[in-house]
Amino acid sequence: MIHDEDTGETVCGSCGLVVTESVIDGGPEWRAFTVEERESRTRVGAPMTYSISDMGLSTVISPADKDAHGLKLPPDTRLQMRRLRIWQARSRIYSSEDRNLAQAMSELDLLADRLHLPLLVKEEAAVIYRKCFDKDLVRGRSISAIAAASLYAACRLNQTQRTLRELSRNTKMDLKEVSRAYRLIQKELRLQMPVPSPLLRVPKIAAMLGLREETQRRAVDILRRAERLRFTAGKDPMALAAAALYIACLMSEEACTQKMISEAAGVTEVTIRNRYKNLKEDLKIDI
DNA sequence: TAAGATAAGAGGGACAT
DNA sequence: ATGTCAGTCTTATCTTA
């Protein structure tokens, strides 16, 4: 086994197989060159994070009735500490705000995990959820719906290719609920979403079908031309990408049926046919 | 068997009431 | 707030090559 500190990969020394891709580095994230620097930068505690309901910053009073030197506390101090612990716990979790956030964050965790979303996206979703909470958008709606919608919004903002359907499939809710919540928060928070480009969907579909690089390139060409002529507005990007790939397959004589593409892209064959038809007409493509 | 055609229905945006 | 309209996409079924 060879461990590569730079990439964090552990690689088998004889065959080159990557065993684990990410290794947790327990060391500090800063560097220090002098003793003074080291001392001034040293700090204690977990890093702050948005995906724990209190951002990981709350104080925890140790349950052991000992002082800093490990000696038992005198009885009256012990009683006082016990009372403090109770109030501390109440103020942390038992306020309705924190209960709400705590539940939302755990749902976010679960969902992000299932969809293999990067930490960055999850943290952004957590920020969005907090904004929703502050704007009072959660009251009267389900926490799960707002949490799922926040995650979807974070995906969109980061151009991370996940469909609303993929998201709702991993929750108990149906697509309608999540998309309603998503539209609500998009409107209320005035989120400026990047326009979803069909170009970015091509690799995803092509990879599922194992299509050649050449075919992908042709599909991208077709979509570029269509975008330039404004034929793509208002159409499902996934459907456009699927249709372009279908045309590309025909042109490069790569065997691929509409059905295969429709399954990989998550759009129906009929929709692919429609997009295929007007792409062909609009761009005057002869196959 | 794959691809095309047709029709009915759902859901949401734009716009008027 | 509620209703209507055009356009998109889905589901289902039938036809064609």
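**View 1. The protein residues around DNA strand B.** Lys176, Ser179, Arg183, Tyr246, Thr257, Gln258, Arg273, Tyr276 and Lys277 surround DNA strand B in this predicted model, where a residue is near a strand if one of its heavy atoms lies within 4 Å of it. Of the atoms of DNA strand B that come within 4 Å of the protein, 88% belong to sugar and phosphate. The surface near DNA strand B holds 4 charged, 3 polar and 2 nonpolar residues. Both α7 (175-188) and α12 (269-282) supply at least two of its residues each.

**View 2. Polar contacts with DNA strand B.** Here we look at pairs of N or O atoms within 3.5 Å. Lys176 places a polar side-chain atom 2.9 Å from a phosphate oxygen of DNA strand B, and for Tyr246 the distance to a phosphate oxygen is 3.2 Å.

**View 3. Helices α4 and α5.** The axes of α4 (residues 119-134) and α5 (residues 143-157) come within 8 Å and cross at roughly 130°. Residues of α4 including Val121, Ile128 and Cys132 meet residues of α5, among them Ile146, Leu151 and Leu157, with contact meaning heavy atoms within 4.5 Å. The residues of this contact comprise 13 nonpolar, 1 polar and 2 charged.

**Notes.** Local features need pLDDT of at least 70, side-chain atom pairs count only at pLDDT 80 or more, and totals for chains, interfaces and linings use all residues. Residues are numbered from 1 along each chain as its sequence is written, chains are lettered from A and ligands numbered from 1 in the order in which they are written, and side-chain values use heavy atoms, leaving out hydrogens and water.

Terms used:
Polar contact = N/O pair within 3.5 Å; in protein donor to acceptor, adjacent residues only side chain to side chain. Helix = DSSP H or I, 4+ residues; strand = E, 2+ residues; numbered from the N terminus. Nonpolar A, V, L, I, M, F, W, Y, C, P; charged D, E, K, R; others polar. Axes fitted to C-alpha atoms, helices over the stretch in contact; angles between N-to-C directions.
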